[in-house]
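This report goes through one protein chain, from its overall build to single residues. Please look over the sequence and the structure before reading on.

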Amino acid sequence: MKVTSIKLSAFMIACLVGLTACENPNTAENAGKEIDIAVEKAEKKIDQASEKMGESSDQAVVEVEDATITAKIKAAFIAESTIKSLDINVSTTDGVVTLTGIADSLESSQKATDVAMLISEVKKVENQLIIKR
C-alpha cells in the first residue's frame, strides 16, 4: 500500500514538472521524455526498495521462527527429567537444530535428539553433544 502511494506521488510530481515545462513548445517534448525517464527510474528504485524490504521482512520471520523453535526445545528439555538442560546449548538456523554441550550418557544424548525432533517445525537435529565420562 505504501509503495503504491509513493509511486503515485512520484508520478504526480513528474506531471507537475511536465506541465510547467509545457509552456515552451520546444521544451515540452524534451520535458515529456525527461518525465518518462524520471518516472521509470523512480519506479525501478521503488521496486528495488520494496524487494529489499520484503527480503528483510522474510529474514525477520525466519529468525523469529528459529527463536521459537529454540525456546520450545529448551522448555521440553526442562520438562524432561532425564536431560540436564543447563548443560545443553540449543541453536536453530532455518529449522535445523544444533545441540552442543555435555550429556551424562549416550542415552541422555539420544533422548535430547528425540525430544528436539518432537517439535513440529524442526527439520533436522545435529547432535554435537559430548558424553561425560
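Among contacts in the chain between residues at least 6 apart in sequence, what percentage join residues at least 24 apart? The value is 60%, where contact means heavy atoms within 4.5 Å.

## Basis of the report

This is a predicted model, in which local features need pLDDT of at least 70 and side-chain atom pairs count only at pLDDT 80 or more, while totals for chains, interfaces and linings use all residues. Residues are numbered from 1 along each chain as its sequence is written, and side-chain values use heavy atoms, with hydrogens and water left out.

## Overall build

The chain has three helices and four strands. Helices (H or I, at least four residues) and strands (E, at least two) are DSSP runs, numbered from the N terminus. Read from that end, their order is α-α-β-β-α-β-β.

Of the 133 residues of the chain, 23% count as buried. Buried means under 20% relative accessible area, exposed means over 50%, and partly exposed lies in between (1.4 Å probe, protein chains only). The chain exposes about 9,500 Å², and carbon and sulfur atoms supply 59% of this area. Accessible areas come from the Shrake-Rupley method with a 1.4 Å probe; for residues, only the protein chains shown count as cover.

## The nonpolar core

The largest nonpolar core has 16 residues, of which I73, F77, I88, V97 and L99 touch the most other members. At least two residues of this core come from each of α2, β1, β2 and α3. A nonpolar core is a set of buried Ala, Val, Leu, Ile, Met, Phe, Trp, Tyr and Cys residues joined through side-chain atoms within 4.5 Å. In soluble globular proteins, nonpolar side chains tend to be buried together.

With neighbours within four places in sequence left aside, L99 is in contact with F77, I88, N89, V90, A112, T113, V125, E126, N127, Q128 and L129.

## Salt bridges

How many salt bridges does a search of the whole structure find? It finds five, a salt bridge being a side-chain nitrogen of Lys or Arg within 4 Å of a carboxyl oxygen of Asp or Glu. K72 forms one with E121, and their closest N and O atoms are 2.8 Å apart. K72 lies in helix α2 (residues 25–79) and E121 in the loop between α3 (106–117) and β3 (124–127), so this pair ties together parts that are 49 residues apart in sequence. K72 is partly exposed, with a relative accessible area of 35%, and E121 is partly exposed, with a value of 35%.

K111 forms a salt bridge with E80, with 3.9 Å between the closest N and O atoms. This pair links distant parts of the chain, 31 residues apart: K111 is in helix α3 and E80 is in the loop between α2 and β1. K111 is partly exposed at 32%, and E80 is partly exposed at 22%. In another salt bridge, between E126 and K124, the closest N and O atoms are 3.7 Å apart. Salt bridges that share partners also join K84, D104 and K132 into one network. E126 counts as partly exposed at 30% relative accessibility, and K124 counts as partly exposed at 45%.

## A positive phi angle

D94 is placed in the loop between β1 (88–93) and β2 (96–103). Phi of D94 is near 50°, a positive value in a residue other than glycine. Is D94 buried or partly exposed? At 43% relative accessibility, D94 counts as partly exposed.
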